[in-house]
Every structure is written in C-alpha cells, then in structure tokens.
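This briefing accompanies a structure and its sequence. Please keep both in view while reading the points grouped below.

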Amino acid sequence: VLKMPIFSISFIPSASLDAEIATARFGNPDERVRLSETVEQLFYANKGLSITLDDKGRDVLQYVAPRDSARLRATGQ
C-alpha cells in the first residue's frame with residue numbers, strides 16, 4: 001500500500017464554510033453546480049479542487065492533480 005500513488009485527498013474542515021468564504025480564499029470557481037436544495041459544489045479545475053458546501057451537513061474539499069481535475073466530476077465529488 002505504501003508504494004501506491006495517491007490520486008486524491010479529501011478534507012473535512014471543522015469550521016463550516018460558505019460560498020463567500022470559498023470565493024474569498026480560492027477566487028471565483030470555474031463552475032458551480034447545485035446538487036440539492038442545501039448542497040452546492042464549486043469546481044476549480046486549474047487548482048484541482050472541488051468544494052462541496054452543505055448547509056445542513058459537513059463541507060468537503062477534495063484535491064487532485066490539476067491535470068486530473070476531470071476526476072472530480074466523474075466521481076461526483
């Protein structure tokens with residue numbers, strides 16, 4: 001297992017995020033997708049970053065190598 005490559009890293013922050021905080025930190029996203037009434041996903045292809053914001057649950061930041069940013073959409077995360 002130690003020799004296997006890492007394709008993505010997911011991070012669940014202890015603080016709650018919102019779109020205003022995310023855009024202040026990372027800039028305007030390349031794409032925003034509303035997944036449900038309370039969940040929105042922000043994509044930053046050039047950073048290899050997807051931020052899933054959940055008004056009623058935990059937020060998730062997922063990182064991949066920028067060249068692999070299509071993986072963020074393929075997995076739905």
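The model is predicted, with local features requiring pLDDT of at least 70 and side-chain atom pairs counting only at pLDDT 80 or more, whereas totals for chains, interfaces and linings use all residues. Residues are numbered from 1 along each chain as its sequence is written, and side-chain values use heavy atoms, with hydrogens and water left out.

**The sheet**

- An open sheet is formed by 5 strands in the order S1-S5-S4-S3-S2, with antiparallel pairing; strands (E, at least two residues) and helices (H or I, at least four) are DSSP runs numbered from the N terminus, and two strands pair if DSSP finds at least two bridges between them.
- S1 and S2 (31-34) stand at the edges with a single partner strand each, so one side of each has no neighbour in the sheet.
- Neighbouring strands of this sheet are turned by 15° against each other on average, with direction ignored; the axes behind such angles are lines fitted to C-alpha atoms, for helices over the stretch in contact, and angles run from 0 to 180 degrees between N-to-C directions.
- S2 pairs with S3 (residues 39-44) in the antiparallel sense over 4 bridges, and glutamate 31 has phenylalanine 43 in S3 as its bridge partner.
- S4 and S5 are antiparallel over 4 bridges, with glutamine 62 in S5 as the bridge partner of serine 50, and a hairpin joins S4 to S5 through 5 residues.
- S1 and S5 also pair in the antiparallel sense over 4 bridges, and here isoleucine 9 stands opposite tyrosine 63 in S5.
- S5 is largely enclosed by the rest of the structure, because 4 of its 5 residues are buried, where buried means under 20% relative accessible area, exposed over 50% and partly exposed in between (1.4 Å probe, protein chains only).

**A loop residue**

- Serine 16 lies in the loop between S1 and H1 and counts as exposed at 59% relative accessibility.
- Leaving aside neighbours within four places in sequence, serine 16 is in contact (heavy atoms within 4.5 Å) with Ile21 and Asp59.
- The C-alpha atoms of serine 16 and lysine 56 are separated by 9.9 Å, although these residues are 40 apart along the chain.

**Salt bridges**

- The whole structure contains 2 salt bridges, each defined as a side-chain nitrogen of Lys or Arg within 4 Å of a carboxyl oxygen of Asp or Glu.
- In one of them, the side chains of arginine 32 and glutamate 40 meet at 2.8 Å, N to O; arginine 32 is partly exposed at 42% relative accessibility, while glutamate 40 is buried at 13%.
- Arginine 34 also meets glutamate 40 through a side-chain salt bridge, at 3.8 Å, N to O, and the shared partners join Arg32, Arg34 and Glu40 into one network.

**A nonpolar surface patch**

- Ile6, Ile9, Phe11 and Tyr63 form a nonpolar patch on the surface, with about 430 Å² of accessible area together.
- Such patches are made of residues with over 30% relative accessible area and no salt bridge, joining like charges within 9 Å and nonpolar side chains (Val, Leu, Ile, Met, Phe, Trp, Tyr) within 5 Å; accessible areas come from the Shrake-Rupley method with a 1.4 Å probe, and for residues only the protein chains shown count as cover.
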